[in-house]
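Here is a report on one protein chain. Please keep the sequence and the 3D view open while reading.

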Amino acid sequence: VQRADYHKLPYADASFDLVLFLESMGYSPASPLLFREVYRVLKPGATIYLKEPLLRHPPVNARQSAEVRAVFEKYRYKMHTGDEVCAQLQAAGFTQVVYCDLSGQVSTRDFFESAMFASPGAATEFGAAHWIDFQELPVAYADIKARKESAP
């Protein structure tokens with residue numbers, strides 16, 4: 001394990017076979033730069049994999065806009081749509097970009113019920129500090145896989 005800024009990784013070009021982002025890409029203030037840096041450190045033919053909460057669509061009303069802002073203000077997590085992330089990956093040079101909605105397997109409700117509450121109505125210490133009562137947050141978990149093309 002090494003601590004580093006993931007926008008300026010301390011690794012040589014083509015060092016890794018796989019890079020994983022597990023609910024962490026949204027903490028980047030500059031995801032296009034982040035994806036270019038990941039592209040640099042991946043070997044030809046290697047994969048980037050992201051499992052992230054992503055916006056189903058941009059906010060369409062004042063409540064959704066307020067809830068997306070609340071995610072950023074409370075968690076410092078910048079919400080993106082799947083289309084935005086896929087386009088940023090392609091702009092960084094990735095190919096074979098595949099988006100998969102995980103709504104049938106994972107939901108934000110799972111997180112809130114397990115991490116935020118010890119039992120119904122009884123917030124954990126973490127829950128008391130981090131709870132937001134979302135009503136219309138247009139978010140779904142998704143995974144995105146993309147490849148750095150193999151050298152010719």
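The model is predicted. In it, four strands form an open sheet with the order 1-2-6-3. The pairing is mixed. Strand 1 and strand 3 stand at the edges. Each has a single partner strand, so one side of each is left without a neighbour in the sheet. On average, neighbouring strands are turned by 10 degrees against each other, direction ignored.

Strand 1 and strand 2 run parallel and are joined by six bridges. Leu20 has its bridge partner, Tyr49, in strand 2. Helix 1 packs on this sheet and touches strand 1 and strand 2. The direction of helix 1 makes about 150 degrees with that of strand 2.

## The nonpolar cores

Nonpolar side chains tend to be buried together in soluble globular proteins. Here, the largest nonpolar core has 19 residues. Phe35, Ile48 and Leu89 touch the most other members. Two or more residues come from each of strand 1, helix 1, strand 2 (42–55), helix 3 (82–91) and strand 6 (139–147). Strand 2 gives the most, with five residues.

What does Phe35 touch, not counting residues up to four places away in sequence? Its contacts are Met25, Ile48, Leu50, Val85, Gln88, Leu89, Ala92 and Phe94. A second core is separate and has ten residues. Among them are Val68, Tyr77, Met79 and Val139.

## Helix 3, inside and out

Which residues of helix 3 are buried? They are Gly82, Val85, Cys86, Gln88 and Leu89. Seen down the helix axis, the buried residues fall within an arc of 160 degrees, so they line one face of helix 3. Their cover includes helix 1, strand 2, strand 3 and strand 6.

The other side of helix 3 has Asp83 and Ala91, both exposed. Gly93 follows the helix. The phi of Gly93 is positive, near 115 degrees.

## Aromatic pairs

Two values describe a pair of aromatic rings: the distance of the centres and the angle of the planes. The structure holds four aromatic pairs. One of them joins Tyr6 and Phe21. This pair is tilted, at 5.9 Å centre to centre and 55 degrees between the planes. Tyr6 lies in the segment before strand 1, and Phe21 lies in strand 1, so the pair ties together parts that are 15 residues apart in sequence. Is Tyr6 buried or partly exposed? Tyr6 has 21% relative accessibility and therefore counts as partly exposed, because the cut-off for buried is under 20%. Phe21 is buried, with a relative accessible area of 4%.

Tyr39 and Phe94 also form an aromatic pair. Theirs is edge-to-face: 5.1 Å centre to centre, with 85 degrees between the planes. The pair links distant parts of the chain, 55 residues apart. Tyr39 sits in helix 1. Phe94 sits in the loop between helix 3 and strand 3. Tyr39 is partly exposed, at 23% relative accessibility. Phe94 has 3% relative accessibility, so it counts as buried. Phe94 is also one of the contacts of Phe35.

## A buried serine

Where does Ser28 lie? Ser28 is in the loop between strand 1 (16–22) and helix 1 (31–41). Its relative accessibility is 2%, so Ser28 counts as buried. Residues up to four places away in sequence aside, Ser28 touches Tyr6, His7 and Leu34.

Arg76 is not a glycine, yet its phi is positive, at about 60 degrees. Arg76 is found in the loop between helix 2 (62–75) and helix 3. With 48% relative accessibility, Arg76 counts as partly exposed, because exposed requires over 50%.

Gln96 is another residue other than glycine with a positive phi. The value is near 50 degrees. Gln96 lies in strand 3 (residues 95–101), and strand 3 stands at an edge of the sheet.

Note on methods. Residues numbered from 1 in each chain as written. Predicted model: local features only at pLDDT ≥ 70, side-chain atom pairs only at ≥ 80, totals over all residues. Heavy atoms only, no water. Buried < 20%, exposed > 50% of the residue type's maximum accessible area, 1.4 Å probe, protein only. Contact = heavy atoms within 4.5 Å. Core = buried A, V, L, I, M, F, W, Y, C linked by side-chain atoms within 4.5 Å. Pairing = 2+ DSSP bridges. Axes fitted to C-alpha atoms, helices over the stretch in contact; angles between N-to-C directions. Arc of directions from axis to C-beta. Phe/Tyr/Trp six-rings, centres within 6.5 Å; stacked < 30°, edge-to-face > 60°.
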